[in-house]
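Grab a pencil and let's work through a few exercises together. Each one gives you a task, then a solution in steps.

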Amino acid sequence: MPLSEVPFSVVPSLPSRKVAAVTCNCLPPKTYGGNFSTRKVAAAFSVSRNLKFVANSASRDDNDAAASVEFDDVSIPSDYSELLEQARKATDLALKDNKQLMEIEFPTSGLESVPGDGEGGIEMTESMQLIREFCNRLINPEKATRTRIFFPEASEVKFARESVFEGASFKLDYLTKPSFFEDFGFVEKVKMKDRVKPEDELFLAAYPYFNVNEMLVVEELYKEAVENTSRNLIIFNGELDRIRSGYYPPFFYPKLAALSQTLFPVMETVYYIHNFKGRNGGTLFRCYPGPWKVFRKVRNRYVCLHQQEAMPSLKEVALDILPSS
């Protein structure tokens with residue numbers, strides 16, 4: 001079950017992306033479709049939580065050194081609380097290993113959901129609230145003001161401050177802002193050197209997949225503010241598999257396609273879950289520093305079918321590993 005049950009109604013529309021009035025804690029819906037669709041933040045729905053915000057990672061066990069324990073044995077989490085703790089421990093270890101650029105990716109419509117499950121109907125995302133909970137677990141209170149979270153747009157920053165991140169000390173920022181040609185899917189990129197402050201230590205890019213420019217700005221952020229510094233950058237649910245798999249044709253999106261050769265080779269995927277449905281269904285899973293594993297659910301328990309050190313392509317998992325297991 002997801003961390004929250006969120007009844008809501010979203011009606012995608014062109015051309016504008018607006019933040020609706022908010023009367024309660026809520027989350028932004030997840031929207032697919034590249035540049036020519038609209039991300040809206042919906043209101044008038046309530047959130048019932050099974051998990052309170054963790055009072056920051058100051059409450060961690062001192063045994064986290066022992067938590068590097070046999071990450072080979074880590075398996076698919078049973079709920080989002082366990083998932084966030086796995087992701088926190090994995091990120092902690094990656095930071096200690098001086099990994100500067102990190103990826104965290106997992107389904108947010110349900111632990112067993114797949115991309116596109118909500119197409120043609122209502123699909124929600126809990127990424128904003130999950131990011132708040134993840135940051136609370138990972139970041140010590142005294143470092144909260146030195147952590148800058150970049151949302152895709154300025155309107156989402158305003159929404160986050162008034163809802164999920166109300167009262168939080170994290171710095172909230174944005175990657176792009178609307179332009180005069182927003183009706184046609186264009187946005188104005190924000191110069192990262194103007195957004196970053198000298199005291200910043202950790203950056204988190206929140207779901208930068210809606211518009212192709214968002215990941216290009218993330219690349220700029222890495223090159224201008226992280227590379228050759230002591231800072232770190234986490235890409236949280238950026239749907240980078242779209243770029244890896246060639247979803248964006250290189251002929252039309254040469255800069256985006258180039259990320260597979262420029263940015264991705266220096267990135268560590270510290271936590272990852274991708275589900276495959278169908279007769280040969282299963283799950284590709286990784287929790288740093290452990291290996292990549294392919295699981296299949298058998299009688300309500302996950303069985304590891306395959307593991308390897310390097311990340312396999314989704315095509316390899318779907319066409320080779322799962323059918324042969």
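**Exercise 1. Find out how strand 4 (residues 147–153) is placed: buried or exposed?**

Step 1: Strands here are DSSP runs of E with at least two residues, and helices are runs of H or I with at least four residues, both numbered from the N terminus. Buried means under 20% relative accessible area, exposed over 50%, and partly exposed in between, using a 1.4 Å probe and protein chains only.

Step 2: Seven of the seven residues of strand 4 are buried, so the rest of the structure largely encloses this strand.

Step 3: Now look for a neighbour. Two strands pair if DSSP finds at least two bridges between them. Strand 4 pairs with strand 7 (residues 202–206) in the parallel sense, over four bridges. Within that pairing, Thr-147 has Leu-202 of strand 7 as its bridge partner.

A quick note on the model: it is predicted, so local features need pLDDT of at least 70 and side-chain atom pairs count only at pLDDT 80 or more, while totals for chains, interfaces and linings use all residues. Residues are numbered from 1 along each chain as its sequence is written, and side-chain values use heavy atoms, with hydrogens and water left out.

**Exercise 2. Work out which strands are joined to strand 9 by bridges, and in which sense they run.**

Step 1: Strand 9 (residues 267–276) has 10 of its 10 residues buried, so it too is largely enclosed by the rest of the structure.

Step 2: Strand 3 (residues 101–105) runs parallel to strand 9, with five bridges joining them. Here Ile-104 sits opposite Tyr-271 of strand 9.

Step 3: Strand 10 (residues 282–287) runs antiparallel to strand 9, and six bridges join the two. Ile-273 has Phe-285 in strand 10 as its bridge partner.

Step 4: Check the hairpin of strands 9 and 10. Five residues lie between the strands, and Gly-278 takes a positive phi near 105 degrees.
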